[in-house]
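Visitor: I'm new to this one and would like a close look at a single part of it. Could you walk me through it slowly?

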Amino acid sequence: MSNILLFAAGSLRGALGPLLAAFQAQTGEQVDTLFGPAGLLRQRIEAGEHPHIFASANLAHPQRLVDLRLSPRVQRFAQNRLCATVRNITELTKPPLLSVLLDSRWRIATSTPGADPSGDYAQQLFDRIETITPGAGDSLRQRALALVGGPDSAPLPPGRLAAEYLLNSGQADIFLGYASYGSVLAEFPELAVRYFPPSLAIRADYGLCLLDERAQRLAAFILGAQGQAILQEQGFLPANVVS
């Protein structure tokens, strides 16, 4: 029998390494993986590719597959948060984070909305800012550079995180991405990870959908106690956390 094929959001790459190793040790089943922007992976499934299970960084992309009757339901399996990685200089680390974002001196990079849920969450942040300070969110939306995660984006060098690469290569001063990368990014002293206050906190809901019954055991493992513990060890929040 062939291996289970998992399509998964790129932000899950680090976490799914130990999770799938534990699943294989417990069940003896092998899993092949394809990581990428969840929106682009969903498009590939719609176009006829046949993974057995799809793990997205949002709920909308797997829900689209449910609507097309390719899967019975979406199950939320983890949560994340939007954060800002900045160059570790006083002008970017000391002022309130909203003030830093609104300072037009700084180049703000995001993932590509529509193709990559991280970019969609950045748009949600701009919407939230617009409600607090009319005009500010729209200004940020116009300034933001969608540099990764799109169909035409330049690929990241192997082993590089988007925030680290874009900031250290001089393409941006601020990157809006996922808080689950915080512990890895903390290893780079030239960078600093900043978290949004509750009024600006954007939650990212991760959802999976089963596309073939043979991946049922893997879905159950991800949603079960051991899978959930591994995801939390890797910086994700529990699927059922309330914020």
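Visitor: Let's start with Tyr 178: does it count as buried or exposed?

Guide: Keep in mind that this is a predicted model. Tyr 178 counts as buried, because its relative accessibility is 6% and the cut-off for buried is under 20%. You'll find Tyr 178 in strand E7, residues 174-178.

Now look for its ring partner. A pair of aromatic rings is described by the distance of the centres and the angle of the planes. The rings of Tyr 178 and Tyr 121 have centres 6.2 Å apart and planes at 70°, so this pair is edge-to-face. It links distant parts of the chain, since Tyr 121 sits in helix H6, 57 residues away from Tyr 178. Tyr 121 is buried too, with a relative accessibility of 6%.

Ring pairs tie Tyr 121 and Tyr 178 into a cluster with Phe 77, Tyr 206 and Phe 236. Searching the whole structure turns up five aromatic pairs. Another of them is Phe 23 with Phe 221, also edge-to-face, at 5.6 Å centre to centre and 65° between the planes. Phe 23 belongs to helix H1 (residues 13-27) and Phe 221 to helix H10 (residues 216-223), so that pair spans 198 residues of chain. Phe 23 counts as buried at 0% relative accessibility, and Phe 221 does at 7%.

Back to E7, the strand that holds Tyr 178. E7 runs parallel to strand E5, and two bridges join them.

One more neighbour is worth a look. Helix H7 (residues 136-143) has Ala 136, Gly 137 and Leu 140 as its buried residues. They lie on the same side of H7, because they cover an arc of only 100° around the axis. Those buried residues pack against E5 (108-111), helix H5 (97-102) and helix H6 (117-132).

Definitions and conventions. Residues are numbered from 1 along each chain as its sequence is written. This is a predicted model: local features need pLDDT of at least 70, side-chain atom pairs count only at pLDDT 80 or more; totals for chains, interfaces and linings use all residues. Side-chain values use heavy atoms; hydrogens and water are left out. Buried means under 20% relative accessible area, exposed over 50%, partly exposed in between (1.4 Å probe, protein chains only). Helices (H or I, at least four residues) and strands (E, at least two) are DSSP runs, numbered from the N terminus. The arc is that of the directions from the helix axis to the C-beta atoms. Contact means heavy atoms within 4.5 Å. Rings of Phe, Tyr and Trp (its six-membered ring) pair if their centres lie within 6.5 Å; planes under 30 degrees apart count as stacked, over 60 as edge-to-face and the rest as tilted. Two strands pair if DSSP finds at least two bridges between them.
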